[in-house]
Amino acid sequence: MDEIDRAILRELQTDGRIAYADLGPRVGLSASAARQRLQRLLDSRAVQVVGVTDPMAMGGQAMALLGVTVDGDPRPVADALSAHPEVVYAVLTSGGFDLFAEVVSPTAKDLLDFVNDTVRLIEGVGGVQSFPYFAIHTHRFLWEVG
């Protein structure tokens, strides 16, 4: 991946639906060259273009990152968590927690009920620590591409 590829990715992070006619000049290429570059990145699977929902717009008002400790292999617990629609993602970690899960619920009560009545009852869960947070405004996740 060279500097032009990284410039293309920075532009896509700003506007994922940018027209090639606009993208090309912004990164120093023609529209067709920008299209070819992006297609090469997609074909190599270095880049994936996906839609990302805003939890607040989808009705979620209570969000938390859950730090989960597991007795044994954490992979089955991550799989069990991922099966629930409240779980945005679950990732295995090394450190103080065996995995993290981001959870979005309609209300704080729903979030509390999910943690106590679902997460804590999953076989292998040793403990759960909740880190609630509040997304007052729409947010975007940007990855540094160089």
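Colleague: What makes Glu-102 buried?

Modeller: Keep in mind that this is a predicted model. Glu-102 has a relative accessible area of 11%, and buried means under 20%, so Glu-102 gets that label. Glu-102 sits in strand β3.

Colleague: Which residues does Glu-102 touch, leaving out those up to four places away in sequence?

Modeller: Ala-64, Leu-65, Glu-86, Val-87, Val-88, Tyr-89 and Tyr-133.

Colleague: OK, on to the rings. How many aromatic pairs are there?

Modeller: Two. One of them joins Phe-97 and Phe-100, with ring centres 5.5 Å apart and planes at 50°.

Colleague: Why is the pair of Phe-97 and Phe-100 called tilted?

Modeller: Ring centres have to lie within 6.5 Å to count as a pair, and 5.5 Å passes. Planes under 30 degrees apart would be stacked and over 60 edge-to-face, with the rest tilted; at 50° this pair is therefore tilted.

Colleague: And what kind of pair do Phe-97 and Phe-131 form?

Modeller: That one is edge-to-face: the planes stand at 90°, with 6.1 Å from centre to centre. The angle is over the 60 degrees needed, and the distance is within 6.5 Å.

Colleague: Why do you say that the pair of Phe-97 and Phe-131 ties together separate parts?

Modeller: Phe-97 is in the loop between β2 and β3, while Phe-131 is in strand β4, so the pair bridges parts 34 residues apart in sequence. Taken together, ring pairs link Phe-97, Phe-100 and Phe-131 into a cluster.

Colleague: Is Phe-97 buried or exposed?

Modeller: Buried: its relative accessibility is 19%, and the cut-off is under 20%. Phe-100 at 24% is partly exposed, and so is Phe-131 at 33%.

Colleague: Now helix α5. Which of its residues are buried?

Modeller: Leu-111, Phe-114 and Val-115 are buried in α5, which runs over residues 108-117.

Colleague: How do you know that they are on the same side of α5?

Modeller: Their arc around the axis is only 95°, which puts them on the same side of the helix. The buried residues of α5 pack against β1, β2, β3 and β4.

Colleague: Let's do charges. What makes Glu-3 and Arg-6 a salt bridge?

Modeller: The N to O distance between their side chains is 3.5 Å, and the limit is 4 Å. Both residues lie in helix α1, three residues apart, which is about one turn of the helix. Glu-3 is partly exposed at 43%, and Arg-6 is partly exposed too, at 23%.

Colleague: Where do Arg-26 and Glu-11 lie?

Modeller: First the bridge itself: the closest N and O atoms of Arg-26 and Glu-11 are 3.4 Å apart, again within 4 Å. Arg-26 is in helix α2 and Glu-11 in helix α1, so this one links distant parts of the chain, 15 residues apart.

Colleague: Why is Arg-26 called exposed?

Modeller: Exposed means over 50%, and Arg-26 has a relative accessible area of 52%. Arg-75 also counts as exposed, at 51%. Its salt bridge is with Asp-73, at 3.0 Å from N to O, and Asp-73 is partly exposed at 37%.

Colleague: How many salt bridges does the structure hold?

Modeller: Eight. There is also a network of salt bridges linking Asp-2, Asp-5, Arg-37 and Arg-40.

Colleague: One more local thing. Which residues make the nonpolar surface patch?

Modeller: Val-88, Tyr-89 and Val-91, with about 240 Å². Val-91 is in strand β2. Patch residues need over 30% relative accessible area, and Val-91 has 35%, which makes it partly exposed.

Colleague: And what does the chain look like overall, in helices and strands?

Modeller: Five helices and four strands, in the order α-α-α-β-α-β-β-α-β along the sequence. Buried residues make up 32% of the 146 residues. Of the contacts between residues at least 6 apart in sequence, 63% join residues at least 24 apart.

Key: Residues numbered from 1 in each chain as written. Predicted model: local features only at pLDDT ≥ 70, side-chain atom pairs only at ≥ 80, totals over all residues. Heavy atoms only, no water. Patch = residues over 30% accessible without salt bridge, like charges linked within 9 Å, V, L, I, M, F, W, Y side chains within 5 Å. Areas by Shrake-Rupley, 256 points an atom, 1.4 Å probe, with all protein chains shown as cover. Helix = DSSP H or I, 4+ residues; strand = E, 2+ residues; numbered from the N terminus. Buried < 20%, exposed > 50% of the residue type's maximum accessible area, 1.4 Å probe, protein only. Phe/Tyr/Trp six-rings, centres within 6.5 Å; stacked < 30°, edge-to-face > 60°. Arc of directions from axis to C-beta. Contact = heavy atoms within 4.5 Å.
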